[in-house]
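Let's take a friendly look around this structure. Have the 3D view open as you read.

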Amino acid sequence: MSEQPIYVPVSDSKKVFSVSRDTIYRAAKKGLITIHKAQGRSLLKVSEVCAWIEGSAKST
């Protein structure tokens, strides 16, 4: 059984969340999610992005 990562690189957003990098950056610019920086990498907190996606899906 594999564990879900806590953070994933923004570059993997399409593979992990089925959401493009451009959509991720637009959501971050609007303050809907946070892009964390660590060791020169841009990372997304999986639980935060999942909550944003689920919230977006409910509002449409």
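## The sheet

S2 and S3 pair in an antiparallel way over four bridges; strands here are DSSP E runs of at least two residues, helices are H or I runs of at least four, both numbered from the N terminus, and pairing takes at least two DSSP bridges between two strands. Across this pairing, His36 sits opposite Leu43 in S3.

Step back and you'll find an open sheet of three strands, ordered S1-S3-S2, with antiparallel pairing. Strand S1 (7–9) and strand S2 (35–38) are the edges, each pairing on one side only.

## About the model

This is a predicted model: local features need pLDDT of at least 70 and side-chain atom pairs count only at pLDDT 80 or more, while totals for chains, interfaces and linings use all residues. Residues are numbered from 1 along each chain as its sequence is written, and side-chain values use heavy atoms, leaving out hydrogens and water.

## Zooming in on Ser42

Ser42 belongs to strand S3 (residues 41–45). Is Ser42 buried or exposed? Ser42 counts as buried because its relative accessibility is 16%, and buried means under 20% relative accessible area (1.4 Å probe, protein chains only).

Leaving out residues up to four places away in sequence, Ser42 touches residues including Val8, Tyr25 and His36, where touching means heavy atoms within 4.5 Å.

## The other side of the story: the core

The largest nonpolar core has twelve residues, among them Phe17, Leu44, Val49 and Trp52. Such a core is a set of buried Ala, Val, Leu, Ile, Met, Phe, Trp, Tyr and Cys residues joined through side-chain atoms within 4.5 Å.

How values were computed. Buried < 20%, exposed > 50% of the residue type's maximum accessible area, 1.4 Å probe, protein only.
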